Amino acid sequence: MKFIKPILAIYLSLAFTVTGQAKPVFEIDKTETQIIHEYLEVHQGYFKKLCTYGSDHEYYKLLRNFRGQGYYLPESKGDVDSATITKYLPKILDKINYIKDIKAKLMKQRSLPSFRKITDKIIDIQKKALNEKKNYQLASTEKQRLTALNSSRKLLAEYEVEYNAFVNNIYFLLSFDYPVDHFYNRKNYDKYKDLGDTYKVKANELYFYRKIVEDGALDPDHTKSDAFLRSALDTVTLAVKNQRDFFSENIRYDMDYIIGAVEGHIDRGYALQVKRLNEWEDRTKKSYDYYLSVLKDTKLPATTTNADGLTRTQFLMKQKAEATFALRDYVYKKEAAAFEFWSQQTELMKALFVIETILFNEVGEVDGREATERKDVTQVVINRHDIPFYQKIDPTEDLYTYLLRTFPDAEIQKQHWLNVLFKKGEFSFTYYYIPGVVNIFCPDQSRIGQFLRKENLRLAYRKLIDPDRAFTATRYFSRASMTGRIDMSQIWGGYAAISERPGVLHKNQVSLRRAFKNLDYQYYYSFIAPNSESYQVVNIDDETYTLKLFQDNPIFYHYRNPHYFTYFVKD
């Protein structure tokens with residue numbers, strides 16, 4: 001038998017001391033295998049009942065009708081909001097001219113910049129700045145901290161200069177109206193969108209502008225959008241201007257993505273970039289022509305036989321409303337049918353359905369076999385189940401009317417597990433216009449889908465019999481998936497972020513410790529976990545790890561990426 005080295009053994013003992021098992025959510029007298037087998041049999045019956053032949057195809061057909069030609073049509077009082085279109089048509093024209101200008105500049109240049117030439121210096125300064133951040137946080141004297149701080153500030157000033165040079169070299173990958181403040185735009189739109197008719201035009205204007213600037217080029221076959229890259233460059237540019245004292249982890253993380261994406265575009269070659277700009281220009285011209293034609297149609301009578309005296313735009317908005325209703329009606333009927341099916345099952349079966357559905361759509365495969373995020377999201381769902389707000393479907397919620405056709409209100413409100421899943425505004429994949437909603441009534445039956453379902457059921461089962469009651473989070477947020485990589489959680493009222501935590505213990509302790517002691521690593525940042533212990537985040541051989549120094553020896557853990565999942569508790 002091999003013995004664990006003393007230092008590691010001591011720390012493992014400290015880290016994994018069991019203080020007592022929490023009260024289970026369910027008292028279960030069957031084995032894990034038996035419960036999962038039982039669930040899968042019920043789930044198969046559910047799939048056959050709800051995912052009838054053509055169900056998913058019908059949804060996608062209705063979704064295409066809902067999206068129409070892909071243009072955003074602002075609506076006000078049953079007609080097109082022509083005032084908003086008129087206000088922003090000149091902006092679209094400016095956008096066309098912007099694309100023409102950068103295309104002409106690129107064609108005059110006749111080549112793309114050298115990737116190494118435009119990134120080597122900025123990468124070098126970033127590494128030095130991160131090292132000064134490490135020196136400051138690990139310093140033992142005030143003099144050492146001051147030296148590191150002054151050096152860091154100097155490097156940040158150099159970084160801003162080099163960053164500006166970098167973006168000037170990739171002008172063909174910048175947004176129209178660069179740099180766009182995506183956080184400001186989203187925050188203000190969210191502020192006005194649900195305030196009713198009084199602020200309808202204001203919300204329309206904000207969203208119309210967002211549709212203009214949250215855009216980018218595509219390949220000639222209309223694939224491989226670069227809009228996400230452009231929006232990330234917007235956000236980083238604004239952040240670099242406001243960077244103080246030490247290199248920001250958000251900038252570090254986003255720049256890793258940006259540099260990799262820029263390299264990919266440069267590798268694809270000059271000719272393709274010109275074609276992509278041609279595609280962008282043509283598509284933007286079409287949008288301009290479309291909105292121009294819409295404005296002309298506001299005063300012309302519709303010629304369709306069932307127009308009922310409407311103008312062309314009024315008839316257009318009527319068609320849009322009908323397409324929206326058809327999609328909503330289809331989805332809510334399916335969700336109501338799902339609700340009815342699972343309401344007839346045991347509480348345990350309901351819980352397993354809700355948890356595995358949420359895990360599949362909210363986390364997917366992002367956290368690998370360690371499943372740290374799936375475990376925490378499962379606990380979030382369990383925590384919500386015990387909170388009255390999440391237990392109820394409010395009569396103002398769209399789904400409620402459909403449920404009321406089958407259930408009295410009292411029966412609806414008793415279905416706490418199902419209400420956690422279907423409560424409006426909590427999980428975006430339940431929205432009628434988000435394609436992921438198909439996974440509710442037509443669950444993925446692929447090999448990968450079935451494997452992930454079984455894995456998620458095992459996680460759910462174990463968490464239900466041994467919940468982590470000390471983990472009280474009820475919300476989470478992923479900045480990495482947002483347009484512009486913005487952090488909308490900063491405007492959440494009444495919530496506080498839970499401190500970052502390490503992942504599971506890593507198996508390659510010996511090789512990682514050797515690299516660390518040889519200084520063959522890149523420091524990123526440090527954090528204090530909820531247990532008040534201090535940890536460092538480092539990169540070794542292009543992999544990110546969390547480490548804790550124990551008696552001057554590093555103990556390595558898998559890294560939990562807070563840009564993917566940050567958890568929040570109610571203040």
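Visitor: How many residues apart are Lys61 and Glu58 in helix H3?

Guide: Three, in a helix that covers residues 55-67, so about one helical turn separates Lys61 and Glu58. Keep in mind that this is a predicted model.

Visitor: Why can two such side chains pair?

Guide: Opposite charges can pair when their charged atoms come close. Here the side chains of Lys61 and Glu58 form a salt bridge, 3.4 Å from N to O. Lys61 is partly exposed, at 39% relative accessible area. Glu58 is partly exposed too, at 28%.

Visitor: How many salt bridges does the structure hold?

Guide: It holds 42. One of them joins Arg252 to Glu249, with the closest N and O atoms 2.7 Å apart. These two are three residues apart in helix H10, again about one helical turn. Both Arg252 and Glu249 are buried. Salt bridges can also share partners: Asp219, Asp226, Arg230, Arg268 and Arg276 are joined that way into one network.

Visitor: What about Lys463: buried or exposed?

Guide: Buried, yet without a salt bridge. The nearest side chain of opposite charge, Asp468, is 5.2 Å away. A salt bridge needs the atoms within 4 Å. Lys463 sits in helix H20. Its contacts include Lys375, Thr378 and Ile382.

Visitor: Where do negative charges gather?

Guide: In a surface patch of Asp520, Asp541, Asp542 and Glu543. Asp542 is in the loop between strands S6 and S7. Asp542 is exposed, at 71% relative accessible area.

Methods
Residues numbered from 1 in each chain as written. Predicted model: local features only at pLDDT ≥ 70, side-chain atom pairs only at ≥ 80, totals over all residues. Heavy atoms only, no water. Helix = DSSP H or I, 4+ residues; strand = E, 2+ residues; numbered from the N terminus. Buried < 20%, exposed > 50% of the residue type's maximum accessible area, 1.4 Å probe, protein only. Lys, Arg positive; Asp, Glu negative; His and termini not counted. Contact = heavy atoms within 4.5 Å. Patch = residues over 30% accessible without salt bridge, like charges linked within 9 Å, V, L, I, M, F, W, Y side chains within 5 Å. Areas by Shrake-Rupley, 256 points an atom, 1.4 Å probe, with all protein chains shown as cover. Charge placed at Lys NZ, Arg CZ, Asp CG, Glu CD. Lists of a residue's contacts leave out its neighbours within four places in sequence.
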